[in-house]
Amino acid sequence: MDKRQLKAFICVFEERNITRAAQLLNLTQPALSATIKLLEEELATTLFIRRPRGVEVTEDARVLYPQARKMLSDMQALVTRFRQPSDCLPLKIGVEGDVAPAQLAQLLTAIRQHFPTVLLSVEPGCVGDIRLACESLRCEDELFMPLFEEHYVLAYPASHALNQLETLTHDQLLPLPWVMVPTDESHQRLLPFYGAGAAAANAGSYALALDLAEAGFGVTIAPAPLVAARHRLAWRALPGQPLMRRVGICYAVQAQANPAVERVLAHFSHGAPLRTL
């Protein structure tokens, strides 16, 4: 069973007509019929029953069809894999939680535009040659290259009465029901905004805290790019001195042995930062 036979079988199965299938495959009708006959002989079964106005598929043909599609797809994937340019450079990027989709999109767009020969793999979590993460998630043996600066903002449902306030003070924040992220490194810095009240809910990440805020559990504080992606939430600046965090590339020194890593880091370290948010 070869690729030519699989393509012939799939085309006849989908068209239910030898003549139309032969036209689509740029074959003569006798040549296509002979190909199908060889496949039937190899499988020791009948795949099609010839009728005056086309063909009828057998039960064995129905069983073979999805397998044939998969086999053909696997063959094409192998061809694509080994036809990659010889100078193609592999680069695996891990994406930590609570990174805004817009930031990941900007990083990937920059890599695609400036490094077209990089073979990119993107996976969630603490993996990869480099990681897109907030600075607080940098491991002890890693370096950090900042790409974005983010303000923390107050996030709340779009229908909340906070929308009616012209200005926002610390005193107005204290009685609010809060959704907190106590496991995040920013929690201690945010305690003055929370006041002495108990949390209305706790979350394990900013994304989950925003889910709770959308559901009406309370208001929360989160990085502005994450809030901006939530159309059901409104936000406003916090009173007082702005609080910020940095998001960028975490990488180990030895990762620079990968030429793709070396080139990407050099690009962003020589006056090519991404947009500050």
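I looked up Leu43 and recorded it as partly exposed, because its relative accessibility is 33% (buried is under 20%, exposed over 50%, partly exposed in between, with a 1.4 Å probe and protein chains only). The model is predicted, so I note that local features need pLDDT of at least 70, side-chain atom pairs count only at pLDDT 80 or more, and totals for chains, interfaces and linings use all residues. Residues are numbered from 1 along each chain as its sequence is written, and side-chain values use heavy atoms, without hydrogens and water.

I placed Leu43 in helix H3, residues 29-43 (helices are DSSP runs of H or I with at least four residues, strands runs of E with at least two, numbered from the N terminus).

From the UniProt record, an unreviewed entry, I took "domain: HTH lysR-type" for residues 1-58. For that span I noted 62% helix and 14% strand, with the end C-alpha atoms 18 Å apart.

The largest cavity holds about 30 Å³ of space. Its lining includes Val179, His187, Tyr206 and Ile221. Strand S7 (178-180), helix H7 (187-194) and strand S9 (219-223) each give two or more residues to this lining. I recorded H7 as giving the most, with three residues.

Notes:
UniProt positions are given in the numbering used here, feature names are shortened, and annotations may be inferred rather than shown by experiment. On a 1 Å grid over the protein atoms alone, a cavity is a set of points where a 1.4 Å probe fits but cannot get out, and a pocket is an open set with protein on both sides within 12 Å along at least five of seven lines; lining residues have an atom within 4 Å of a point. Grid points are joined across faces, edges and corners, and a volume is the space filled by probe spheres set on the points.
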